[in-house]
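Let's take a walk through a protein together. Keep the sequence and the 3D view side by side as you read.

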Amino acid sequence: MHKREAEFQTYFNSWLRNVHKETGLYELKVAVTDKLLMSRLEEHQKDWLLAVKHGTAVHKMPDAGFTNPADCWCMTEQPAYVVVKYYGKEDFFLIDIDDWCKETTKSLKYERARKIASVISYKICQTCGKHIPMYKQKYCSDKCQRQ
Ligand SMILES: [Zn+2]
């Protein structure tokens, strides 16, 4: 894994844990320009995402000694996304695997990814709990900030 992907993975994990909190399968792709080659998603990754979304997927975790959370997991009909981050852009996109599969382009541009995304990166307003864009501070409005 490249350094910028590792950095985004760390950030994304924290976003999942603290903001999004949704059960699902997430495959991360970081584009170095404003285009992402669709072929970056490998066949076996696509198969796993589709299996989680439409069927039952069981995964035995590789033996890593005591750091393993458990032996295996099982997911049936859960959300499954390709997570796309363009280098140098603040936001990132969760693209449903079905929508990803419908794309006919070979290279996915930033604007197009934004358009087909099911989830665009967001924060949660500290007062009302509404989703707000990443560039906002902790509150959705001045009213929420005053409360
Ligand atoms: Zn609010």
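Helices and strands here are DSSP runs, numbered from the N terminus: a helix is a run of H or I with at least four residues, and a strand is a run of E with at least two. What you are looking at is a predicted model, in which local features need pLDDT of at least 70, side-chain atom pairs count only at pLDDT 80 or more, and totals for chains, interfaces and linings use all residues. Residues are numbered from 1 along each chain as its sequence is written.

Start with the whole protein. Its secondary structure comes to 5 helices and 10 strands, and along its principal axes the C-alpha trace spans about 50 × 40 × 30 Å.

Now find the sheet. Two strands count as paired if DSSP finds at least two bridges between them. For example, Val 83 has Leu 94 in β6 as its bridge partner.

Next, turn to the helices. Helix α1 covers residues 3-20, which makes 18 residues. From first C-alpha to last, α1 reaches 24 Å, close to the 26 Å expected at 1.5 Å a residue (the expected span is 1.5 Å times one less than the number of residues). Just after α1, Lys 21 takes a positive phi of about 60°.

How do helices and sheet meet? Contact between two residues means that their C-beta atoms, placed from the backbone, lie within 7 Å.

Finally, visit Trp 100, in helix α3 (residues 97-102). Is Trp 100 buried or exposed? A residue is buried if 20 or more other C-beta atoms, placed from the backbone, lie within 10 Å of its own, exposed if 12 or fewer, and partly exposed in between. Trp 100 is buried because 21 other C-beta atoms lie within 10 Å. Leaving aside neighbours within four places in sequence, Trp 100 is in contact with Val 82 and Ile 95. Across the whole protein, buried residues make up 20% of the 147 residues.
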